[in-house]
Amino acid sequence: MSSFISPRRAVIAVAATAIAATTLAGCSGSSGSTTADGKVEISFLTTNGDDAIATGNALIAAFQKANPDITVTLNTRPGGTEGDNLVKTQLSTGEMDDVFFYNTGSLFQALNPDQTLANLADESWASEVTDNFKTVVSTDNGTYGAPLGTSMAGGIAYNTKVFADLGLSVPTDWSSLVADAEKIKAAGITPIEQTYGDTWTSQLFLLADFGNVLTQDKNWAEDFTANKAKFADEPALAGFTHLQDAFDKGLFNADFASATAADGSAALATGKAAMYPMLSSAVLTNIKQTNPDAVKDIGFFAMPADKAANTTLTVWEPSAVYIPKTTEGAKLDAAKKFVAFINSSDGCGIQNDNFVAGGPFSISSCSVPSDAAPMVAEIQKYITDGKSAPALEFLSPVKGPNLENIAISVGSGISSAADGAAAYDEDVKKQAQQLGLAGW
């Protein structure tokens, strides 16, 4: 796994926060056209995962029913690097489908959007997206994507019954979390679950802290990309420091080295553990599968900063649907209608019918169901209160391959926080150089 958790790997494996669709057609270019009888044909390119086949079919079927003069053909592409390369190739050769589903953030920026994508800033839905989402689909010249799916958060899932039984409140700074953890430990309950058997989970202590970093230094991601900001320095060092502190104080489960994400979610659900640093969608999906009655007992809070005023929730924004500049005329009008439909009341309902919301939608026209997990409301409050920020992977393309192993070393007492942060600063260099970034 890359140093920053991508929904393509860490979450789609366990939660349908992104849309995939049926392999009704290959990954050819746009098949959109206007027929002799005046009907418009467009194509929609999405990923080829199996989890959301029903969602893709349902969106198209409902849209075509409401717009009988438009036919949508579904094309699919692989995920990962192969899919990224395919999208870039199709855009560069003018063969991209009329609407396509793709990542937001740094991968979106790599598409050279001002030159390749249609500016959707004037569409009616554009004013309804959250500021965080707009940040990850926009340049200085336009807004190019509409959300498809819900957001998810990185932070700490907690057992609300354990907290209530022990008279604890949600901690808003690191010292309060440690104080709560000591009380939990004294009660014979694991304070903080760690699951290094699934190595990617070791990163959450660090990745979920990024909202706190950005609150203290709004330019940190930009400076990091330019090799001017380091994890070895504050405010980013705090994530490593807190990971070491939690290990040194004996706050982890005894089997932290071998436990898996499924084990950690089960421990949290049954009250054997009180807190679990994790992605909201991942822990929610695991608990829904194995301990569904416990979903109501799981809450979620931001990774605490050293000062409560800096505590900010880190949010992974959903992927988006885009329209290439090669889509023109009647096809462009039809494509815009399809994009708008996805975030209409009918489109939102279809999304809710086909995947579990691990966080709130990133557009006000969509709402999670009334029976959504309670943790979603807690995540929403951070966003509503202006106490959230996008994860670093949405703001910088710089990713080192070895963060999970570095985090395990610090979280197992093998390396110090300072040594771990320095090791990661060294780890990112090669990837940054491969991207040809200035300053590296």
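In helix H14, the residues Ser 280, Ser 281, Ala 282, Val 283, Leu 284, Thr 285, Asn 286 and Ile 287 are buried, where buried means under 20% relative accessible area, exposed over 50% and partly exposed in between (1.4 Å probe, protein chains only). Helices here are DSSP runs of H or I with at least four residues, strands are runs of E with at least two, and both are numbered from the N terminus. Eight of the 11 residues of H14 (residues 280-290) are buried, so this helix is largely enclosed by the rest of the structure. The model is predicted: local features need pLDDT of at least 70 and side-chain atom pairs count only at pLDDT 80 or more, while totals for chains, interfaces and linings use all residues. Residues are numbered from 1 along each chain as its sequence is written, and side-chain values use heavy atoms, with hydrogens and water left out.

Leaving aside residues up to four places away in sequence, the contacts of Phe 44 (heavy atoms within 4.5 Å) include Ile 60, Val 72, Phe 100, Leu 148 and Phe 338.

One disulfide is found in a search of the whole structure, a disulfide being a pair of cysteine sulfur atoms within 2.5 Å. Its partners are Cys 348 and Cys 366, with sulfur atoms 1.7 Å apart. Cys 348 lies in helix H16 (residues 345-354) and Cys 366 in the loop between H16 and helix H17 (374-384), so the pair ties together parts that are 18 residues apart in sequence. Both Cys 348 and Cys 366 are buried.

Ala 438 is found in the segment after helix H20 (429-434), and, not counting residues up to four places away in sequence, Ala 438 touches Thr 225 and Ala 226. Between Ala 438 and Leu 332 there are 106 residues of separation in sequence and 37 Å in space, C-alpha to C-alpha.
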